[in-house]
Amino acid sequence: MPYLQFDVNKKLDGKIKEKFINFIQIKFSEIMETGTSHIAVCIKEFPKNGLALGLKKKTHFVCFMNLDVRGGRSNKKKRDLVKCYMKAITKYFGISQENQYLTFTSHPGNDFNTYE
């Protein structure tokens, strides 16, 4: 069960968030060759000064991404996902790629659970 978290320091429109989440789930499914029913997406909004990235210009918005996925995914698939998501952040949220920071974490599949 992937947990895909996006932290931004700006207020986002509800319709944009819905479109973004749909895009994120579909692209994860396509790139990782899996279904969509188990993909968890979280968007957290912070005040403008609630997130800091040393490389960014202080007047710009930022996005931090933490993509927690099942282990065993190839580096190519992870790279493809990163490129896709960074472009999506720019398209949907208007945050330039140089103001984005992404981390991957991974665990064995049995570490991810839904109610069973």
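I worked from a predicted model, in which local features need pLDDT of at least 70, side-chain atom pairs count only at pLDDT 80 or more, and totals for chains, interfaces and linings use all residues. Residues are numbered from 1 along each chain as its sequence is written, and side-chain values use heavy atoms, without hydrogens and water.

Entry on α1. I took helices (H or I, at least four residues) and strands (E, at least two) as DSSP runs, numbered from the N terminus. I looked up the buried residues (under 20% relative accessible area, 1.4 Å probe, protein chains only; exposed is over 50%, partly exposed in between). In α1 they are Phe20, Phe23, Ile24, Phe28, Ser29, Ile31 and Met32. They pack (contact means heavy atoms within 4.5 Å) against β1, β2 (40-45), β3 (63-70) and α2 (75-93). After α1 comes Glu33, with a positive phi near 55°.

Entry on Lys10. I located Lys10 in the loop between β1 (3-8) and α1 (14-32). It touches Glu45, Phe46, Phe61, Phe93 and Ile95, not counting residues up to four places away in sequence.

Entry on salt bridges. I searched the whole structure for salt bridges (a side-chain nitrogen of Lys or Arg within 4 Å of a carboxyl oxygen of Asp or Glu) and found five. Lys11 and Glu45 form one at 3.7 Å, N to O. Lys11 is exposed, at 69% relative accessible area, and Glu45 is partly exposed, at 27%. I also noted the salt bridge of Lys77 with Glu33, at 2.9 Å, N to O.
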